[in-house]
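Here is a short briefing to read alongside the structure. It looks at how the parts meet, first within a chain and then between chains.

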4 protein chains.
Amino acid sequence: MSMGILDRMTGRPRDPAVDEAIRAAALELTQEQGYRGLSMEGIAARSGVAKQTVYRRYRSKGEVVLDALVGFAFTQLPDPDTGSLRGDLTALLTATFRAGRGVAGDLNRALAVEALQDDEFAARLWHKLIAVRREAVAELLRRGRERGEVTHPDEEFLIDLVYGPYWYRLLFGPAVLTDARAQQLAEAVCRAAA
Amino acid sequence: MSMGILDRMTGRPRDPAVDEAIRAAALELTQEQGYRGLSMEGIAARSGVAKQTVYRRYRSKGEVVLDALVGFAFTQLPDPDTGSLRGDLTALLTATFRAGRGVAGDLNRALAVEALQDDEFAARLWHKLIAVRREAVAELLRRGRERGEVTHPDEEFLIDLVYGPYWYRLLFGPAVLTDARAQQLAEAVCRAAA
Amino acid sequence: MSMGILDRMTGRPRDPAVDEAIRAAALELTQEQGYRGLSMEGIAARSGVAKQTVYRRYRSKGEVVLDALVGFAFTQLPDPDTGSLRGDLTALLTATFRAGRGVAGDLNRALAVEALQDDEFAARLWHKLIAVRREAVAELLRRGRERGEVTHPDEEFLIDLVYGPYWYRLLFGPAVLTDARAQQLAEAVCRAAA
Amino acid sequence: MSMGILDRMTGRPRDPAVDEAIRAAALELTQEQGYRGLSMEGIAARSGVAKQTVYRRYRSKGEVVLDALVGFAFTQLPDPDTGSLRGDLTALLTATFRAGRGVAGDLNRALAVEALQDDEFAARLWHKLIAVRREAVAELLRRGRERGEVTHPDEEFLIDLVYGPYWYRLLFGPAVLTDARAQQLAEAVCRAAA
DNA sequence: TCGTAAGCGAGACGGTACGTCACGTCTTAAT
DNA sequence: ATTAAGACGTGACGTACCGTCTCGCTTACGA
């Protein structure tokens with residue numbers, strides 16, 4: 001959220017309303033005009049905030065979008081416990097795909113653009129978002145492993161298998177992030193994991 | 001390559017050396033400075049060509065990169081026929097991953113950036129590059145289907161499964177496009193396809 | 001005028017209408033809001049020209065003002081030949097003071113601001129404006145020397161005596177650049193020169 | 001110095017060390033980077049003082065510089081009484097020119113910049129600095145008038161003649177504020193005054 | 001052979017956004 | 001009330017590219 005590593009306790013405190021306005025503006029603009037139409041200048045203008053005030057908090061528009069996305073409710077991944085790996089994965093992937101069809105899809109695309117061009121940002125993105133999502137799958141897999149549903153030794157690989165098609169389709173033609181696809185994918189991962 | 005629908009037959013013909021210089025400049029700059037450092041302005045400067053001359057051939061830097069990449073040797077996908085789906089997929093994925101570790105990876109990233117921001121370009125990219133690669137896998141799957149190795153009805157889904165992890169890793173941390181991973185993936189796809 | 005040392009002969013030629021618009025905008029803005037209210041940004045906006053287009057011609061607003069002033073008619077100093085040093089000086093100083101009471105005074109003040117803060121600019125100002133004005137006085141003094149009206153050996157000093165009070169009053173309280181003062185000054189210089 | 005018209009007597013008293021630090025910082029920065037590099041922001045930073053603390057005392061950087069300069073020893077003009085106008089003027093001008101060659105020159109230039117852009121400040125500068133200096137000359141002239149050395153009726157004009165060349169040279173090329181020049185000038189003023 | 005039609009290098013031009021700097025005001029907690 | 005610290009709206013800075021344009025020059029082909 002705030003860029004400071006340690007919270008300062010001196011000086012005028014940052015206005016939380018400003019934080020909110022910036023995030024809101026970033027979301028609005030991304031939805032209205034796509035990521036191409038998003039700029040630090042535009043965010044500042046829309047949120048009625050000075051450019052410096054945005055730069056004080058974020059290095060780039062990517063950071064703004066990331067922060068805005070992290071604040072989203074549907075980012076809180078469900079941690080379903082249906083009793084079977086397939087059920088768990090289906091639940092998680094369905095939720096993921098559904099989010100991907102909405103605003104979150106646009107935001108994810110925006111983050112991808114930034115990450116592809118900036119390694120530092122890619123690293124931050126990984127820690128703040130990607131790693132969290134991966135951990136959710138890892139947890140499912142651990143439970144599956146206890147039940148004997150998972151024998152494949154390489155957890156990382158399996159997680160790639162879960163999220164790979166999601167991002168692939170986010171990149172090229174968003175038309176297929178359907179619930180049916182989510183189910184197919186869960187099934188496929190189960191087979192691979194066995 | 002040439003943007004004209006119908007070849008004009010009057011006036012001074014385009015200089016092929018210029019085409020070459022532009023592509024070369026795009027490659028060099030992408031490698032040296034990443035996609036962020038790539039600009040139409042820069043391409044023109046580096047190739048010693050007027051800006052207009054670049055615009056006469058390409059709408060955007062994405063198109064330049066796409067054209068440059070298409071001209072690459074390792075873009076010609078192998079069409080292995082090892083006798084088994086697993087063998088075929090392993091061969092194809094190994095080749096793909098290897099390319100992804102080199103320059104082609106940078107170029108693919110560049111194309112992704114452009115595609116994410118421009119739907120028109122995304123469509124062109126799909127037709128010129130993605131569709132071709134997908135067709136290669138489709139062919140393997142057809143052969144596997146004849147042999148009875150493939151029973152899964154949804155070919156499109158399986159192809160997503162093949163390429164999804166590749167792009168996912170191209171986005172986030174390129175460190176894992178190893179030969180071993182290619183093999184793992186081939187194996188997983190086989191299981192899903194069965 | 002144009003910043004280029006040698007005129008290029010390739011590329012699209014600069015639009016003279018743009019030159020004109022920039023100078024006009026600079027003059028208008030200086031008169032309307034004083035030098036403090038003058039900015040490269042404002043000049044560009046007022047003249048309906050892109051900021052880069054201004055920067056392509058001038059390094060700073062000082063240069064713009066200088067160029068604008070040099071283009072002025074009343075910059076062409078009179079070279080009076082009244083037959084006496086006192087007559088000549090009176091004519092020249094009266095003209096100078098009169099100009100100083102009008103727009104040229106504001107512009108001169110603007111140039112002083114810039115020169116005081118930038119040695120490089122001060123040098124250019126000297127060559128383009130100050131030196132020219134000094135040469136006019138030098139010519140008068142030479143004629144006076146032939147007539148025996150001038151015996152003082154240090155021409156530079158005498159010129160300082162002519163222009164010093166002018167700039168002093170331009171700096172502090174512009175109320176006294178009267179014709180009477182011009183005459184007094186001419187008289188005083190004559191005495192000093194004798 | 002202190003901006004308050006009436007001294008307040010409640011609350012925490014102002015720290016005199018702060019006053020000193022601000023003036024010192026202003027001097028240092030002016031010498032190091034010229035007036036262009038001087039800013040309220042910079043003064044505060046260099047003096048280790050909050051920005052507000054500077055603004056509480058001074059309206060603008062010009063005021064700071066003025067205050068700093070007024071505090072200088074060599075600002076106390078000598079009131080020589082050599083017995084002749086020429087002697088008096090030579091003494092005063094030599095002192096003035098010498099100071100102009102040092103830090104005081106830079107400070108004077110700085111004040112000129114501010115005064116040229118801000119009429120209110122120009123007025124304050126006149127009262128606090130210029131008028132004082134002019135009065136010193138006026139005193140010399142009065143004495144000269146008693147002795148019969150001065151017959152010229154316009155005292156103001158003569159004072160302009162004394163200080164004009166000084167400021168002129170402060171503006172354009174400081175190389176000539178020599179002792180010899182001071183003497184020449186004193187001589188010329190004497191002749192004009194006679 | 002000569003005109004017409006493009007290609008080409010060069011660079012001007014109106015734009016938009018960048019990221020930074022300083023301004024002058026403000027809000028906080030501590031003194 | 002003063003102080004250090006720093007947030008904040010504002011406005012300008014100087015730069016980078018964008019995509020289009022206008023020059024003068026050069027290559028071709030076809031009449």
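**Two interfaces in a predicted model**

In this predicted model, the centres of domain 1 of chain A and domain 2 of chain A, taken over C-alpha atoms, are 28 Å apart. Domain 1 covers 16-60 of chain A and domain 2 covers 73-193. Let's take that domain contact, then turn to the one between the chains.

**Between the domains of chain A**

- Domain 1 of chain A brings 6 residues to the contact, and domain 2 of chain A brings 7 residues.
- Together the two domains of chain A bury about 630 Å², with 64% of that on carbon and sulfur atoms.
- On the side of domain 1 of chain A that touches domain 2 of chain A, there are 2 nonpolar, 3 polar and 1 charged residues.

**Between chain B and chain A**

- Here 35 residues of chain B are in contact with 35 residues of chain A.
- About 3600 Å² is buried between chain B and chain A, 64% of it on carbon and sulfur atoms.
- Of the area that chain B buries against chain A, 20% comes from B:Leu116, B:Tyr168 and B:Phe172, more than from any other three residues.

**Polar links and helices at the chain interface**

- Chain B and chain A share 9 salt bridges and 10 residue pairs in polar contact.
- One salt bridge joins B:Glu156 to A:Arg169, with the closest N and O atoms 3.8 Å apart.
- Helices 6, 7, 8 and 9 of chain B each supply at least two residues of the side that touches chain A.
- Helix 8 of chain B gives the most to that side, with 12 residues.
- By class, the side of chain B that touches chain A has 20 nonpolar, 4 polar and 11 charged residues.

Note on methods: Residues are numbered from 1 along each chain as its sequence is written. Chains are lettered from A and ligands numbered from 1 in the order in which they are written. This is a predicted model: local features need pLDDT of at least 70, side-chain atom pairs count only at pLDDT 80 or more; totals for chains, interfaces and linings use all residues. Side-chain values use heavy atoms; hydrogens and water are left out. Domain bounds come from an automatic or database domain assignment. Contact means heavy atoms within 4.5 Å. Buried area is the accessible area (1.4 Å probe) that two parts lose on being put together, summed over both. Ala, Val, Leu, Ile, Met, Phe, Trp, Tyr, Cys and Pro count as nonpolar, Asp, Glu, Lys and Arg as charged, and the others, Gly among them, as polar. A salt bridge is a side-chain nitrogen of Lys or Arg within 4 Å of a carboxyl oxygen of Asp or Glu. A polar contact is a pair of N or O atoms within 3.5 Å; within protein, one must be able to donate a hydrogen and the other to accept it, and residues adjacent in sequence count only if both atoms are side-chain atoms. Helices (H or I, at least four residues) and strands (E, at least two) are DSSP runs, numbered from the N terminus.
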